[in-house]
There are 2 protein chains.
Amino acid sequence: MLECICPSFPLAFLCSCCPHFSFLIFFCALSPFLSLSLSLSLSACYCDYFSLILCFIFLWFSLSPFSPTHLSLSSLSPLSLSPVCTSRCQKFLISRVGEDWIFLILLGLVMALVSWVMDYAIAFCQQAQKWMYGGLDSNMLLQYLAWVTYPVVLITFSAGFTQILSPQAVGSGIPEMKTILRGVVLKEYLTFKTFVAKVIGLTCALGSGMPLGKEGPFVHVASLCAALLSKFLAALFGGIYKNELRNTEMLSAACAVGVGCCFAAPIGGVLFSIEVTSTFFAVRNYWRGFFAATFSAFIFRVLAVWNQDEETITALFKTRFRLDFPFDLQELPAFAILGIACGFGGALFVYLNRLIVECMRKQKTINKFLLRKRLVYPAMVTLIISTLTFPPGFGQFMAGQLTQHESLVALLDNRTWCRQGVAEEFDYISHSHAWKHPQVNVFITLILFIVMKFWMSAVATTMPVPCGAFMPVFLIGAAFGRLVGETMAVMFPDGIHADGSVYPIVPGGYAVVGAAALSGAVTHTVSTAVIVFELTGQISHILPVMIAVILANAVAQSLQPSLYDSIIRIKKLPYLPELGMGHHEKYNIRVEDIMVRDVRYITLSSSYREVQEVLMTGQLKTLALVESTDSMILLGSIERSQLQSLLSLQLGPTRRLDHLRRHAQDNGTHTHTLGAHAHLTSLDTMDSPPSPPCTHTHSYTSNTSNTSARHGVRFLVSVAEVSRTPAHVRILNPLPQIAEWEEQQLDEPVDFNNCKIDPAPFQLVERTSLHKTHTIFSLLGLDHAYVTSTGRLVGVVSLRELRKAIEGSVTVTGVKVRPPLASFRDSGNTTSVSEVTELHKLWNRHRGLSLPREPTPPDMEDQLDLVFLCE
Amino acid sequence: MLECICPSFPLAFLCSCCPHFSFLIFFCALSPFLSLSLSLSLSACYCDYFSLILCFIFLWFSLSPFSPTHLSLSSLSPLSLSPVCTSRCQKFLISRVGEDWIFLILLGLVMALVSWVMDYAIAFCQQAQKWMYGGLDSNMLLQYLAWVTYPVVLITFSAGFTQILSPQAVGSGIPEMKTILRGVVLKEYLTFKTFVAKVIGLTCALGSGMPLGKEGPFVHVASLCAALLSKFLAALFGGIYKNELRNTEMLSAACAVGVGCCFAAPIGGVLFSIEVTSTFFAVRNYWRGFFAATFSAFIFRVLAVWNQDEETITALFKTRFRLDFPFDLQELPAFAILGIACGFGGALFVYLNRLIVECMRKQKTINKFLLRKRLVYPAMVTLIISTLTFPPGFGQFMAGQLTQHESLVALLDNRTWCRQGVAEEFDYISHSHAWKHPQVNVFITLILFIVMKFWMSAVATTMPVPCGAFMPVFLIGAAFGRLVGETMAVMFPDGIHADGSVYPIVPGGYAVVGAAALSGAVTHTVSTAVIVFELTGQISHILPVMIAVILANAVAQSLQPSLYDSIIRIKKLPYLPELGMGHHEKYNIRVEDIMVRDVRYITLSSSYREVQEVLMTGQLKTLALVESTDSMILLGSIERSQLQSLLSLQLGPTRRLDHLRRHAQDNGTHTHTLGAHAHLTSLDTMDSPPSPPCTHTHSYTSNTSNTSARHGVRFLVSVAEVSRTPAHVRILNPLPQIAEWEEQQLDEPVDFNNCKIDPAPFQLVERTSLHKTHTIFSLLGLDHAYVTSTGRLVGVVSLRELRKAIEGSVTVTGVKVRPPLASFRDSGNTTSVSEVTELHKLWNRHRGLSLPREPTPPDMEDQLDLVFLCE
């Protein structure tokens with residue numbers, strides 16, 4: 001069969017003859033010639049897609065029985081491969097498995113499979129509900145119960161399952177990914193448990209038919225998948241997969257895959273994920289996202305063809321608008337107004353969503369009740385929504401029986417409902433009567449649909465289940481666009497064009513524009529425009545869509561934060577907010593206005609006691625090291641854990657024992673020493689958790705995994721106990737000379753030889769503007785930066801101060817918080833001469849001279865902080 | 001007419017009644033409500049586009065007669081506006097003119113006009129050639145002369161004009177923009193002269209019909225336009241327009257506008273410009289590009305409608321492929337092979353282009369000849385190319401009579417040439433016989449077209465005229481795709497699909513894929529995929545295009561640099577090359593291997609003489625300031641110009657005069673002093689250029705524009721003269737006591753009070769990896785960074801060292817240059833303890849103690865350089 005179809009690809013022929021050959025093809029795909037191999041896998045896919053996919057899965061499972069942490073490369077041989085290619089495969093695997101594109105192919109493949117299977121399961125769930133509802137049409141009450149119970153059960157299960165397995169799986173996941181890609185470690189968000197909870201919870205939640213979306217959670221699922229895959233491969237092959245930086249790059253590619261395989265929109269996926277998750281984007285990572293998302297979208301659509309859903313690869317929601325005259329130039333104002341309205345609508349949606357969450361939080365009685373009975377809220381919401389959409393009830397006026405997918409297909413239809421009617425046109429869709437009510441106008445149905453879905457979506461997305469808001473918003477936008485389009489069609493029955501030929505208005509085009517504009521307004525992105533082109537498979541409306549999306553963004557961004565930023569604020573995630581557009585007063589706030597002047601530092605001549613005190617008061621992860629308290633010259637920074645291990649080394653059991661032995665030899669008493677020895681060894685081998693008041697100290701070092709540090713912590717704990725509860729120590733340390741010895745040891749100066757020092761911590765100048773500080777923090781993913789003045793440490797700025805400063809001056813009420821020091825600055829001639837003075841002091845110290853001081857010219861001072869980036 | 005068409009927009013009605021009202025609308029467009037105003041201008045545009053555009057132009061010209069540098073806001077009143085709205089306009093102008101979007105609208109508008117006018121002019125030029133050629137069909141020789149002379153004259157004029165006015169306008173301009181956006185100042189590339197030269201030169205070059213492109217130069221033109229516009233607005237309104245950072249952001253938006261209005265492809269334009277010019281992209285600037293490019297593309301297409309070229313806004317090269325079954329899944333391998341072949345082709349094109357340039361450079365005789373007679377080379381090339389395309393000659397076999405635009409339209413046609421023939425189908429295009437030769441098969445024509453155009457384009461783009469290579473490459477790709485498509489159509493006459501229904505192959509789809517793949521391979525971009533969708537107005541081939549583009553990129557990127565990077569290397573522009581994919585050995589090279597250890601520095605106790613020596617030996621723009629030669633603690637960096645002004649202050653005329661006066665008072669002699677006074681004032685007011693050996697020194701400071709520095713330079717020149725040619729000085733300085741005084745002054749320690757010090761220059765650690773160094777340099781746009789070891793300055797890394805290190809290990813021959821020091825490192829246990837030793841020294845210096853040194857644990861050392869970014 002096949003050999004006659006494609007004589008140019010003999011491999012494909014071979015492939016169809018020998019099922020084992022698929023393995024060879026898979027391993028050929030791991031050969032260095034990306035190009036050739038992909039074409040092979042492509043040629044393979046159309047003769048036997050399924051065997052190719054199966055072989056991937058097979059490989060996956062054949063590897064997993066081995067303990068991942070101890071599997072070396074040599075143990076790969078028992079893999080059940082045909083013996084002919086085993087050695088070749090191994091060679092390829094070993095030499096090429098570190099390449100990025102293999103990882104990306106695996107990621108794309110897995111995600112496409114997950115997406116497709118999930119879609120299948122969701123469609124099955126929704127079909128089951130319809131079947132139940134349809135089967136019970138004899139009794140209205142039973143019908144209602146079936147219609148309502150089914151989603152309530154699914155949603156409650158989803159909420160409960162997620163709650164028990166991994167509460168981190170709740171919600172969209174895009175805000176969390178944004179935070180993670182910013183550099184903040186949220187480890188519990190990238191575990192296998194979360195993956196399972198998210199996938200199953202999402203399937204149930206969407207299967208219930210509630211107005212929830214798949215896109216946001218899918219970004220999270222893809223990131224989870226990438227994190228797990230890279231952990232798995234790191235355990236298998238080590239090497240490059242252990243690189244932190246690389247994993248972050250892969251995470252950002254994974255976000256693109258998430259959107260890409262959800263909508264079969266590779267380009268839109270890449271752009272959307274960049275817009276939503278990044279602040280600064282490295283163009284060299286661009287291809288990763290494109291490659292993985294394209295592969296993923298390709299497999300996702302190939303699966304549909306393989307399943308006989310489609311004849312060939314086409315768009316998910318294919319439209320059939322006319323190509324020669326897509327829209328009239330004179331329709332553009334209508335599109336622009338649609339965009340502006342969508343902008344207001346998007347802002348309203350974000351506001352409504354936040355309002356609901358905040359209301360529930362503020363009402364203490366509700367809050368308490370909901371905290372105790374976590375499943376009551378989602379069940380209640382589901383009950384209300386499904387009651388309202390009950391088709392024989394109110395649902396008949398708002399096309400309540402349609403699923404999201406069916407509604408969207410109908411809304412993007414290229415016929416005009418108001419003029420040609422609905423029923424006659426929908427012969428190819430079985431739900432023809434949904435939009436056509438005998439008593440009610442199609443406009444009323446549309447308006448009811450928009451209004452009801454609007455608040456329903458806003459409420460539904462606050463439920464504690466894995467769910468996104470993109471798709472519901474997209475649907476509402478499409479409905480609103482359809483409404484405007486139908487109105488235009490009524491107003492201009494013969495089209496606007498005046499030159500003889502009649503081009504009627506296409507309301508489906510308005511639906512496309514509305515969908516892009518509203519989803520763009522809610523998420524504050526422009527790339528929804530690209531997503532709609534890829535979703536509908538037509539790009540003819542590019543200019544109306546772009547204009548509407550930009551206008552909607554302009555309106556929405558000036559009114560409300562994006563939905564994801566709103567959730568970040570609600571969840572209080574440690575994210576640095578973006579600087580608003582045109583907030584020029586940012587240039588006027590400087591680091592000196594926001595920095596913390598009381599910096600914890602240690603000097604080169606610090607004693608261990610000082611180190612201990614510093615450790616116990618501050619909370620920053622690193623501490624500044626200065627030359628001396630007088631000079632304050634910043635030499636570097638030391639990690640907290642390093643200092644703790646220094647302390648523990650000084651007071652460690654070895655030295656303690658040495659001391660005791662020496663002491664014993666001096667005094668000649670043996671019994672005491674033995675007792676002390678026994679005590680110390682017991683301390684040394686003690687495996688019980690430290691006493692409760694010390695858990696705080698302990699938690700700081702829990703993420704340093706090297707043994708010496710862990711070894712040290714235990715002693716640090718006892719050291720902390722010494723100073724906090726001396727009475728307690730006397731019992732622990734029965735020998736008074738040990739306590740005395742410890743006091744002596746603490747007074748000794750610190751030996752920094754064994755200490756890892758970061759010799760170039762990031763430094764800012766007092767006069768660096770807030771704008772520049774924000775840029776540097778975002779670019780480098782900093783946690784804090786020291787503020788120095790000619791080498792002297794004068795303060796520290798951490799993410800917290802920066803966030804406060806930005807949020808303080810971007811208040812919603814419009815009142816700008818002005819830093820108290822900024823007002824002095826505006827007078828111009830009072831520019832601080834502190835920098836020069838400091839330098840002068842230093843200079844005098846070295847020279848022993850005292851020359852008359854001249855004031856610095858103000859124009860020089862003004863340019864000081866510009867030097868940094870513009871050189 | 002209008003009131004009945006759009007009753008919802010009364011303003012549009014008003015607009016059509018009163019011509020003066022357009023002004024009001026323009027100023028309404030400056031109101032804070034971006035949304036409303038843009039819709040107003042949109043509603044205006046369809047009743048009277050021309051008046052709106054005219055009013056923009058009018059405003060432009062009404063402002064320009066005023067001297068831009070001195071025009072204050074108060075002088076805006078004499079503008080010829082209707083008195084009703086003058087005050088309101090002024091208020092709007094004053095309050096809103098700083099907003100970014102006004103700038104972007106102006107930029108988009110101007111560029112759309114330029115693009116449209118240029119297209120018009122080019123079409124006119126090409127039409128003129130055809131007309132001449134057609135009118136002379138009686139005499140073959142005359143016809144040939146006309147066909148050949150016309151392009152030779154145009155190209156020679158273009159080359160000469162550009163050479164005379166601004167040689168910077170030659171070539172594409174994208175490499176230069178890439179360098180400028182990287183932070184390197186290439187001022188002469190953004191002047192008004194270059195703008196004029198580029199626009200006129202490009203129009204002539206493209207009008208000649210040579211295989212040259214418009215895209216690359218248009219990116220440059222848009223950037224020029226943005227730079228000039230922001231300079232103009234800065235002169236008018238000052239404030240925000242003077243911000244350097246903002247201007248860079250605007251430049252990157254301008255690049256998007258350039259592509260956007262050239263192809264009417266806003267999304268593709270933004271992405272292409274990001275891929276081509278940026279290394280790290282700030283997502284917050286994303287909207288700027290989208291907004292400006294969309295507006296520009298919109299106006300560009302509206303102009304076409306206004307000129308009756310089009311009925312409504314559609315794509316530039318609209319295709320009409322079938323929507324329901326765009327391609328068969330089983331065609332994908334053919335698309336993949338097409339992509340791979342395009343990858344090889346793209347690499348070959350870049351190689352060929354570089355080879356031609358390098359050949360000409362190496363052949364000294366050719367080189368000398370061409371340098372003397374600059375216009376000979378373009379004339380010769382044009383002569384050869386136009387001779388070969390002469391339609392009655394060889395041109396008849398390669399569709400030589402068609403312009404680029406006509407060829408592209410034909411190639412993207414949705415019919416199958418080989419089966420349906422060509423002539424019958426081309427009824428809607430007048431050049432039906434171009435592809436159909438009575439004796440020659442259409443395949444031969446296509447192959448000849450591809451081969452000839454390939455080398456012609458590679459040669460033509462080396463001519464010293466403003467020209468790009470994107471469009472020719474795009475055309476070749478389309479022809480190659482058409483060739484593959486026609487071959488497929490011959491092989492599968494009834495399509496591949498087996499399920500009964502016959503879907504014939506669409507060779508036009510292959511043309512689209514080929515065009516995207518080849519242009520993607522040459523430029524190393526993925527976004528050409530988006531550009532073809534926007535150019536053709538159809539997105540149905542998204543998956544084949546994406547797959548082919550990615551494969552083409554994979555092949556081309558592994559063989560050759562992109563065309564723009566190749567030009568950067570040829571032109572030796574100061575650009576930091578990208579790190580290649582998967583060059584993991586980069587992690588093994590560290591800063592200590594590449595840094596310059598012999599750093600020029602000054603200490604706090606340096607004398608003026610030392611400063612003078614340092615200034616005369618080094619060439620870096622900034623110098624390090626350390627505490628003392630012993631401690632070497634880095635305190636900051638000082639700009640070269642600052643030191644020069646310090647020196648000039650010390651030896652300046654005021655102090656000189658003071659000294660002479662005091663000296664005179666001491667000695668009582670008056671005549672000498674007067675003479676010296678006269679001499680000094682003559683030095684002070686001297687406006688003649690400095691003597692030739694000093695121009696080098698002078699050029700360093702030429703970009704510092706503040707008067708004090710300029711004032712100082714002149715004296716520095718004389719100081720430099722003092723030390724270089726003492727004999728000469730004696731003549732200049734007739735008074736021996738002045739020379740003596742100067743020597744005294746030079747021995748004095750420097751007073752840093754009047755000096756602008758950057759207290760936080762960027763610091764790296766010796767163990768920072770090359771990969772990380774590259775990231776930091778790219779992110780922050782650094783020129784150099786100091787390498788410190790616990791505060792002590794040990795070296796400096798500049799862009800030059802980094803470039804060398806990267807290029808050294810990415811040799812084409814595959815031999816990796818390994819830094820000599822790296823081999824020692826791999827032994828593992830010999831990790832350098834220099835850092836600890838340094839710290840120890842410092843510590844000992846302060847403590848006066850000497851403790852036994854313990855070796856550092858190697859695992860701590862290994863993590864040292866990770867601290868920087870991962871904290």
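**View 1. Domain 1 and domain 2 of chain A, placed by their C-alpha centres.** In this predicted model, those centres sit 23 Å apart. Domain 1 of chain A covers 96-307, and domain 2 covers 329-418 + 431-571. The bounds come from an automatic or database domain assignment. Residues are numbered from 1 along each chain as its sequence is written, and chains are lettered from A in the order in which they are written. Local features need pLDDT of at least 70, side-chain atom pairs count only at pLDDT 80 or more, totals for interfaces use all residues, and side-chain values use heavy atoms, without hydrogens and water.

**View 2. The area buried between domain 1 and domain 2 of chain A.** The two domains bury about 4000 Å², 71% of it on carbon and sulfur atoms. Buried area is the accessible area (1.4 Å probe) lost when two parts are put together, summed over both. Trp147(A), Pro211(A) and Phe263(A) provide 16% of what domain 1 buries here, more than any other three residues.

**View 3. Salt bridges across the interface of domain 1 and domain 2 of chain A.** Three salt bridges are counted between the domains. The term needs a side-chain nitrogen of Lys or Arg within 4 Å of a carboxyl oxygen of Asp or Glu. Glu406(A) and Lys130(A) form a salt bridge at 2.9 Å, N to O.
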